[in-house]
Amino acid sequence: MTSGPPANGPSPWRTVAACTARSILAIAVLLLLYETLPLTAASPAVALAALIIGLLLFIALVVSQFVAIDRSPHPGLRAGEALAVAIPLFLLLFAATYLRWSEADPAAFSEHLDRSTALYFTVTTFATVGFGDITAVSDPARDLVTAQIVADLLVLGLVVNAMASVARRARARGQNGPDVTAPRPD
């Protein structure tokens, strides 16, 4: 008797590997877009308007992921995959905004931001460690950073929790079959 993948689908390891590969590919595409799109200087108002549009698209993506998680045969994995894409997207939206703003108003930050330093500043703000080497100097830039901090808390507190809750409910309903992340009875 041989052991192999179940007759009705791929092995749990293949499912996890596919989910991981899709997440890594999506993050790579997002980073490639951030590095290659023309993020030229824009007035703070234009940069803010672009951020708002980006955040509305982010919200639409997150809401669509709730449905995808709920319908997934592996809701825990699907929630992890959704977060692996949503959080980098969220961070890159702010990094692009800070980059454009810094180009348009060099006095807005303590130093000129290029793509790397804008992303660095965004991630340190998201992680609430704020090293202090780059700071928002102008009041409008500080207002935007404050808004990012509030949005960070919302993403961490609401979005992550909501995706986990949807995954737990879908798994508990059992209508989608077992989740490969759940312990398997012997």
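**Helices, packing and a loop**

Student: How far apart are the end C-alpha atoms of residues 12-34, and how much of the span is helix?

Tutor: Bearing in mind that this is a predicted model, the end C-alpha atoms of residues 12-34 lie 33 Å apart, and the span is 100% helix with 0% strand.

Student: And what about residues 46-67?

Tutor: Residues 46-67 are also described as 100% helix and 0% strand, with end C-alpha atoms 32 Å apart.

Student: Where does UniProt put the "transmembrane region" feature?

Tutor: The UniProt record, which is an unreviewed entry, places that feature at residues 12-34, 46-67, 79-99, 119-138 and 144-164.

Student: Ok, how many helices and strands does the protein have?

Tutor: The protein has five helices and zero strands, so read from the N terminus the order of its elements is α-α-α-α-α.

Student: What share of the residues is buried?

Tutor: Of the 186 residues in the protein, 37% are buried. As for contacts with a separation of 6 or more, 75% of them are accounted for by residues 24 or more positions apart.

Student: Let's do packing. How do helix 1 and helix 3 sit, roughly parallel or roughly perpendicular?

Tutor: The axes of helix 1 (residues 12-36) and helix 3 (residues 75-104) come within 9 Å and cross at roughly 10°, and the two helices are therefore roughly parallel to each other. The contact involves residues of helix 1 including Cys 19, Arg 22, Ala 26 and Leu 30, and residues of helix 3 including Glu 81, Ala 84, Pro 88 and Leu 92. By class, the residues of this contact of helix 1 with helix 3 divide into 15 nonpolar, two polar and two charged.

Student: What's the angle between helix 2 and helix 5?

Tutor: Helix 2 (residues 44-71) and helix 5 pack at an angle of about 10°, with their axes 9 Å apart, and helix 2 and helix 5 are therefore roughly parallel to each other. Their crossing is right-handed.

Student: Which residues meet there?

Tutor: Among them, Leu 48, Phe 58, Gln 65 and Asp 70 are on the helix 2 side, while Leu 144, Val 155, Met 163 and Arg 173 are on the helix 5 side. The contact of helix 2 with helix 5 has 14 nonpolar residues, one polar residue and two charged residues.

Student: Now the loop between helix 4 and helix 5. What is the phi of Thr 128?

Tutor: Thr 128, which is found in that loop, has a positive phi of about 60° although it is not a glycine. At 60% relative accessibility, Thr 128 counts as exposed.

Student: And Thr 135, what does it touch?

Tutor: Thr 135 is found in the loop between helix 4 and helix 5, and, not counting residues up to four places away in sequence, it touches Ala 108, Phe 109, Ser 110 and Phe 121. Thr 135 is partly exposed, with a relative accessible area of 33%.

Student: Last one: why does Ser 138 count as buried?

Tutor: Ser 138 has 16% relative accessibility and therefore counts as buried, the cut-off being under 20%. Ser 138 is found in the loop between helix 4 and helix 5, and, leaving aside its neighbours within four places in sequence, Ser 138 is in contact with Asp 105, Ala 107 and Ala 108.

Definitions and conventions
Residues are numbered from 1 along each chain as its sequence is written. This is a predicted model: local features need pLDDT of at least 70, side-chain atom pairs count only at pLDDT 80 or more; totals for chains, interfaces and linings use all residues. Side-chain values use heavy atoms; hydrogens and water are left out. UniProt positions are given in the numbering used here, feature names are shortened, and annotations may be inferred rather than shown by experiment. Helices (H or I, at least four residues) and strands (E, at least two) are DSSP runs, numbered from the N terminus. Buried means under 20% relative accessible area, exposed over 50%, partly exposed in between (1.4 Å probe, protein chains only). Contact means heavy atoms within 4.5 Å. Axes are lines fitted to C-alpha atoms, for helices over the stretch in contact, and angles run from 0 to 180 degrees between N-to-C directions. Angles under 35 degrees count as roughly parallel, over 145 as roughly antiparallel, 65 to 115 as roughly perpendicular and the rest as oblique. Ala, Val, Leu, Ile, Met, Phe, Trp, Tyr, Cys and Pro count as nonpolar, Asp, Glu, Lys and Arg as charged, and the others, Gly among them, as polar. A crossing is left-handed if the near helix is turned anticlockwise from the far one by less than a right angle, and right-handed if clockwise.
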